[in-house]
Amino acid sequence: MELITYPNPSQWAEVVKRPVKNQADLTETVCDILRHIREEGDRALLAYEERFDKVKLTTPVVNQEEVDEAEGLLGDELKAAIRLAAKNIASFHEAQRFEGKKVETQPGVTCWQKAVPIEQVGLYVPGGTAPLFSTVLMLAIPARIAGCRRVVLCTPPGRDGKVHPATLYAARVAGVDSIFKAGGVQAIGAMAYGTESIPHVYKIFGPGNQYVTAAKQQVSLHGVAIDLPAGPSEVEVLADDSANPVFVAADLLSQAEHGTDSQALLITTSFALAEQVKEEVERQLPLLPRRDIAACSLENSKLIVVRDAQQALALTNEYAPEHLIIEAREPHALAEGVINAGSVFLGHYAPESAGDYASGTNHTLPTNGYAKAYSGVCLDSFVRKITFQELTSVGLQNIGPAIECMARAEGLDGHRRAVSLRLGRADV
């Protein structure tokens, strides 16, 4: 990991720059795949599965027998862990239920909102180098709590043509309706446009690499909503000299093992801690089974020493990390200054892993600086708010003149007449 000491604020944007691919090449590739899926449906989907996931399928559908078989393949300990995580995720998201309140803005004018579930949602769960079955829980559980009528899951199969049993078990626990063997851009296209096997959905959720993110952004231009631009995963540890370098190094490596394009940052006020963490990362890295992936990620990662807590917070807010771990003497005080982050972990005993799996918060979060404008997935992500208003005759009399005046000023006489007629104006 590169060690950077006391960068000038004018250098900060460059210091926290994220790794990127050639966007022009990426966009062209994504658009080409999406076009084939839209035009050829299952035929193109299965061809891309053979090309990218190296598996020849006759159908993308996961049948009930496969789900039943998967449950028998898992040990009791893992199944219990999945159920515990599901319970905590459900508890946290249940507490987010919207309660609409009627507001009388003027006598006789009443306005309110109602939360309505999105009827059909599509969930994308990456497979690739790791079966991210925890993401099934993070997406399907709030979808069910929200009341979505149909919950569809796409995830890439292994080269044996099967979906990882933990993913299938998590889908059963979380209440997924239909599961399909489809990964990457082709999965996003299938849910966006619909194929002979995979239904068209109204909103797509789920993390992925830069290709998946680009695909989600492309389909969002054509009538399908998306949750947020969730690309390669990232973490920042914000630490002072009270932090344990062993813990900090472990936190950085836990993120680095996600993928070769992941990024991990340490921002600290302690030069000594930065040096200790650098040594500890080098010591712990060879212990990881995914050390080759983590090593590539560490090439994108940095240890940054700043002068004081104020600079640490300012640089953190400039970076806007997906995950932020605050390992300091007074984490709550520092957290008060955080305005740009996806999910924040406070104290020496709150690793990012807790939120990734079982604390109850959602791990589908904005990356690539989008935490400056986006929230992570929550119950609200699966509902729409419909507004209502009811006006009595008295109510229209109270606000009608203002409506008439504003409509006239905008040159929209039809708007004015709709009010004036009801008010019995003789000059309509």
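This is a predicted model: local features need pLDDT of at least 70, side-chain atom pairs count only at pLDDT 80 or more; totals for chains, interfaces and linings use all residues.
**Close-up 1. Helices α2 and α3 pack against each other at an angle of about 140°.** Helix α2 spans residues 23–40 and helix α3 residues 42–52, with their axes 6 Å apart. Axes are lines fitted to C-alpha atoms, for helices over the stretch in contact, and angles run from 0 to 180 degrees between N-to-C directions. That makes α2 oblique to α3 (under 35 degrees is roughly parallel, over 145 roughly antiparallel, 65 to 115 roughly perpendicular, and the rest oblique). Residues are numbered from 1 along each chain as its sequence is written, and side-chain values use heavy atoms, leaving out hydrogens and water.

**Close-up 2. Here is an open sheet of 6 strands with parallel pairing.** Its order is β1-β11-β10-β9-β12-β13, where two strands pair if DSSP finds at least two bridges between them. At the edges, β1 (2–5) and β13 (343–346) each pair on one side only. Strand β1 is joined to β11 (residues 302–305) by 4 bridges, and Glu2 stands opposite Lys302.

**Close-up 3. Gly158 sits in the loop between β5 (150–155) and α7 (165–174).** Gly158 is partly exposed, with a relative accessible area of 28% (buried is under 20%, exposed over 50%, partly exposed in between, with a 1.4 Å probe and protein chains only).

Definitions and conventions
Helices (H or I, at least four residues) and strands (E, at least two) are DSSP runs, numbered from the N terminus.
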